[in-house]
Every structure is written in C-alpha cells, then in structure tokens.
2 protein chains.
Amino acid sequence: MAQHNSYFDGKVQSVGFARNGRKQTVGVIEPGEFHFGTDAAERMTVVCGELVIRIDGQSEWKHYPAGTAFEVPAKGGFDIKAAVATAYWCEFL
Amino acid sequence: MAQHNSYFDGKVQSVGFARNGRKQTVGVIEPGEFHFGTDAAERMTVVCGELVIRIDGQSEWKHYPAGTAFEVPAKGGFDIKAAVATAYWCEFL
C-alpha cells in the first residue's frame, strides 16, 4: 500500500509504492537546501521544477531541469538545492 | 507548504504544492477502480505505470501509458482503472 513520508519539517514529502517488487516514490521538494543519504542506489527523475545536485564526494554542483534524471550510488548521499517547488520520481535500483 | 492527501482508504495518495500560484500534485494510484470529480480543469501526466481513463459523459475508455497525459474539464470527472501501481503528476489548469 502507498505510504506517506515526510522529512525536514514537511519541506520534503513523498508517497512510496512498489511495482514488481521494486520500491519507488514520487514527492515534492519545497525551496531550500537538503542532504539525503542513500541505502540502496537510486535514480531521481525531475518531474517538474528543477534541482541543483552535488553527489557526496564530488565538488561540482550540477543542474537538473524537469525531464532529466541523475543516479546516486548505494551507501552514498547527495546535496539538493531547490530554488522552486519541485516534484520528483525516485526509483530504488 | 507541501500537503499530503489521502483518498479511498489510502489507495490514492498525493502531495500537493504550488508554483507561480498554480496548484499541482504528484501522487500514487494503487491497483483498483476509482472515480474523481474535478472542480478546476486538470491535466494528468502518467509518470510511471499506466492508467485506463473514461471522462464523465463519454463512453470510451482510453489507455494512457507512462509519459502520456490527458485533460479533464472543470466541474467534470473521470473514472480511473489502474492495473498496476501508477504514479502521476496533476496540474490544475
């Protein structure tokens, strides 16, 4: 069953689900800067809005507009900057 | 601020937000058949999975796979059949 998740005082919220045994979420990131850790590797697709991302261990911030995606290694993490409210789809790989 | 919504005993859940004064949601539809009414007109984009849709007042069911979208008139409604858990992005127009 779909499950609601809330992080950072509700500034990041998602709904998790599964298909074919694979976990996924869709969610919203309100404007701000956040850090997420990963257990499994994941692919984040920007549905609308845009994100600026720095993968842990890298120095470069990269820009991901709506329709683009990035992947994050397992047991890693990433910094997110959102200038506008942004919706995303996250697949655990 | 992003806001969680739950319908049909949690089988449909979404997170609502706004950008540039326009309301939007991203959400999940678990397998099943549901009817939604519309106040404002809306555009529904299938992020992953697939939906079969019948707009109120029409007889035909239409198939919308991931990456496609349909629009629903204001003060209307639509029936949804989801065979698999499906994520969507809804823009109020």
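Contact here means heavy atoms within 4.5 Å. Keep that in mind for the exercises below.

This is a predicted model, in which local features need pLDDT of at least 70, side-chain atom pairs count only at pLDDT 80 or more, and totals for chains, interfaces and linings use all residues. Residues are numbered from 1 along each chain as its sequence is written, chains are lettered from A and ligands numbered from 1 in the order in which they are written, and side-chain values use heavy atoms, with hydrogens and water left out.

**Exercise 1: a histidine in chain B**

Find out which residues B:His35 touches, leaving aside its neighbours within four places in sequence.

*Solution.* 
- Step 1: Locate the residue. B:His35 sits in strand β4 of chain B, residues 32–37. Strands (E, at least two residues) and helices (H or I, at least four) are DSSP runs, numbered from the N terminus.
- Step 2: List the contacts. With those neighbours set aside, B:His35 is in contact with B:Phe8, B:Asp56, B:Gly77, B:Phe78 and B:Asp79.
- Step 3: Check the exposure. Buried means under 20% relative accessible area, exposed over 50%, and partly exposed in between (1.4 Å probe, protein chains only). B:His35 has 38%, so it is partly exposed.
- Step 4: Take a distance. B:Gly10 is 25 residues away from B:His35 along the chain, and their C-alpha atoms are separated by 14 Å.

**Exercise 2: the make-up of chain A**

How many helices and strands does chain A have, and how does its radius of gyration fit the globule rule?

*Solution.* 
- Step 1: Count the elements. Chain A has 0 helices and 10 strands. Along the sequence, that reads β-β-β-β-β-β-β-β-β-β.
- Step 2: Apply the rule. The radius of gyration is taken over C-alpha atoms, and the globule rule is 2.2 Å times the number of residues to the power 0.38. For 93 residues a compact globule would come out near 12 Å, and chain A agrees because its value is 12 Å.
- Step 3: Look at the box. Along the principal axes, the C-alpha atoms of chain A fill roughly 35 × 25 × 25 Å.
- Step 4: Look at burial and contacts. Buried residues make up 47% of the 93 in chain A. Of the contacts in chain A with a separation of 6 or more, 61% are between residues 24 or more positions apart.
- Step 5: Look at the charges. Chain A carries 9 positive and 11 negative side chains, and the centres of the two sets lie 5 Å apart. Lys and Arg count as positive and Asp and Glu as negative, while His and the chain ends are not counted. Each charge is placed at NZ of Lys, CZ of Arg, CG of Asp or CD of Glu.

**Exercise 3: where the chains meet**

What area is buried between chain B and chain A, and which three residues of chain B supply more than any other three?

*Solution.* 
- Step 1: The size of an interface is often given as the accessible area lost when the parts come together. Here, buried area is the accessible area (1.4 Å probe) that two parts lose on being put together, summed over both.
- Step 2: Read the values. The area buried between chain B and chain A is about 2,000 Å², and carbon and sulfur atoms give 74% of that. B:Met1, B:Arg19 and B:Val26 supply 23% of what chain B buries against chain A, more than any other three residues.
- Step 3: Count the residues. Chain B brings 26 residues to the contact, and chain A brings 26.
- Step 4: Zoom in on one example. B:Gly10 lies in the loop between β1 (3–7) and β2 (12–19) of chain B. Leaving aside neighbours within four places in sequence, B:Gly10 is in contact with A:Met1 and A:Ala2. Its relative accessible area is 8%, so B:Gly10 is buried.
- Step 5: A:Ala18, in strand β2 of chain A, touches A:Lys23 and B:Ala85, not counting residues up to four places away in sequence. A:Ala18 is partly exposed, at 43% relative accessibility.

**Exercise 4: positive phi angles**

Is A:Asp9 buried or exposed?

*Solution.* 
- Step 1: Find the loop. A:Asp9 is in the loop between β1 (3–7) and β2 (12–19) of chain A.
- Step 2: Check the angle. A:Asp9 has a positive phi of about 55°, although it is not a glycine.
- Step 3: Decide. A:Asp9 counts as exposed because its relative accessibility is 76%.
- Step 4: B:Lys75, in the loop between β8 (69–72) and β9 (77–82) of chain B, has a positive phi near 50°. At 68% relative accessibility, B:Lys75 counts as exposed.
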